[in-house]
Amino acid sequence: MKRFLLFLNFLVGFATTSSAQERSLTINDVSIIEIAPNGNTWIGSKTLGCQAYIPGTGTWLPVFDSTNTPMRSNNITAISLYTINGVPHSFMGSTNGIGYRHGTAWDTIAGLPDRHIVDMIKSPDHVFYVATK
């Protein structure tokens, strides 16, 4: 319910914002939406990678995809968002592995038993679990 209310708040804020600021979601085939602990909203696409809305500045980050990050697929199937040691981490699961953003840098996770990611979660004791197909 909390996520639903946050998402409604996001939509209302988006719809009532002055047009003086540039705000544009450039992906239109949305597969998943997640809200980070810091309030940023990450949106995954079936074919175009992912994009984030930063409510503190009222702006959208550029689209992140396989052409400008180490992600191996633009089909985003799962998103997990955490702050680790004060640094925001955004994990993007796809049909071909996991790409993640920490601060402003991107990296990938190697050694997965299957590269088709279904879900991801970090436990309270900081263990990162990945479900694959």
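Which pattern does the protein follow, read along the sequence? The pattern is α-β-β-β-β-β-β-β-β-β-β. One helix and ten strands are present; helices (H or I, at least four residues) and strands (E, at least two) are DSSP runs, numbered from the N terminus.

The model is predicted: local features need pLDDT of at least 70, side-chain atom pairs count only at pLDDT 80 or more, and totals for chains, interfaces and linings use all residues. Residues are numbered from 1 along each chain as its sequence is written, and side-chain values use heavy atoms, with hydrogens and water left out.

Mean pLDDT (the predictor's confidence in each residue, from 0 to 100) is 84 for the protein. A value of 70 or more is reached by 83% of its residues. Over residues 4–22, pLDDT stays under 50. For this stretch the model has 14 contacts (heavy atoms within 4.5 Å) beyond four places in sequence.

The protein has 133 residues, and 38% of them are buried, that is, under 20% relative accessible area with a 1.4 Å probe, protein chains only. Of the contacts between residues at least 6 apart in sequence, 35% join residues at least 24 apart.

Four strands form an open sheet in the order β5-β6-β7-β8. Pairing, which requires at least two DSSP bridges between two strands, is antiparallel. Strand β7 (residues 97–102) runs antiparallel to β8, and five bridges join the two. Opposite Gly99 stands Thr108 in β8.

Terms used
Buried < 20%, exposed > 50% of the residue type's maximum accessible area, 1.4 Å probe, protein only.
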